[in-house]
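Please read them with the structure open.

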Amino acid sequence: MDIPERTYTEPSVEQQHKAVYPDHWERYEFAIPYVKNKRILDVACGSGYGTALLARQGASHAIGLDLESGAVSWAQKYYGNFANYQTVLSDEPWPVETGTVDVVVSMETLEHVTDPGFFLQQIARCLAPDGIVVMSTPLNETASRLSPHNPFHLREYSWEEFGDLLSGEFEIQERWTQISQAAEKWNSMKMTRLGRGLVKVKKWLPMRVVNYLRNVYSANHKSGAGRIVQGKSDAGNVQLIVAAKKQ
């Protein structure tokens, strides 16, 4: 039942889902050390598996928020025993009391947000005075970041832009880059005849076709989980920040 930018799973098939979408799980696994015995808020929780993972790994209390009511219903059905899932509206304050969250996790969300200022203000409002945010977004250093090929992304961010944006509300503590095997395989593919041809016509192809070709190539070349490294890497396709709420 997967749809673009949204993947669905349930406890009984999580391992199969992880095999298909290792990078999604890898980002949540990255956040595990930051949530032990903490009250967490997962913003754009989707179908809820990441929120539930963090709850199972030691978060003391977990809330998941998402704009899509169908995803929230799914999360509540399959993962409601681990977290409380709620639907939100993009332009209204979130249903979370001020200063009641220790860690906000938000993976691959910012590129979809129409009002980043309001979004970050809501995160800061929900956080306790010593709270932190763990956030990821695509890393794009090209001009295409202003008009991404992915039709579900409003805009993407360079390394500098992401840091500047968060520094308004937060003190940046750590910066990381996710290097997925799929991205590395895609880079390898671009050196082949098929890849060179695809690069030339990519901007005219529907995103689902590009993703299909990437996934087929990656699967045939045994692409799996990648790695997350500290600092900036030109090989990376996703950037992560760990930042503390400004006092």
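1. Helices (H or I, at least four residues) and strands (E, at least two) are DSSP runs, numbered from the N terminus. The model is predicted: local features need pLDDT of at least 70, side-chain atom pairs count only at pLDDT 80 or more, and totals for chains, interfaces and linings use all residues. Residues are numbered from 1 along each chain as its sequence is written, and side-chain values use heavy atoms, with hydrogens and water left out.

2. The protein has nine helices and eight strands. Of its 247 residues, 48% are buried, where buried means under 20% relative accessible area, exposed over 50%, and partly exposed in between (1.4 Å probe, protein chains only). Counting contacts (heavy atoms within 4.5 Å) between residues at least 6 apart in sequence, 70% join residues at least 24 apart.

3. The eight strands make an open sheet of mixed pairing, in the order β3-β2-β1-β4-β5-β8-β6-β7; two strands pair if DSSP finds at least two bridges between them. β3 (84-87) and β7 (227-230) each have a single partner strand, so one side of each lacks a neighbour in the sheet. From one strand to the next, the twist averages 20 degrees.

4. Within this sheet, β6 (residues 170-179) pairs with β8 (residues 238-245) in the antiparallel sense, over eight bridges. Ile172 stands opposite Ala243 in β8.

5. Helix α4 (residues 69-79) lies across β2 (61-66) and β3, at about 165 degrees to β3. For such angles, axes are lines fitted to C-alpha atoms, for helices over the stretch in contact, and angles run from 0 to 180 degrees between N-to-C directions.

6. Helices α2 (residues 22-35) and α3 (residues 49-56) pack at about 35 degrees, with their axes 9 Å apart. On the α2 side the contact involves His24, Trp25, Tyr28, Glu29, Ala31, Ile32 and Val35, which meet Tyr49, Gly50, Thr51, Leu53 and Leu54 in α3. By class this contact has eight nonpolar, three polar and one charged residues. Here Ala, Val, Leu, Ile, Met, Phe, Trp, Tyr, Cys and Pro count as nonpolar, Asp, Glu, Lys and Arg as charged, and the others, Gly among them, as polar.

7. Two backbone positions deserve a look. Asn37, in the loop between α2 and β1 (39-43), has a positive phi near 60 degrees although Asn37 is not a glycine. Asn37 counts as exposed because its relative accessibility is 65%. Glu108, also not a glycine, has a positive phi of about 55 degrees and is found in the loop between β4 (101-107) and α5 (116-126).
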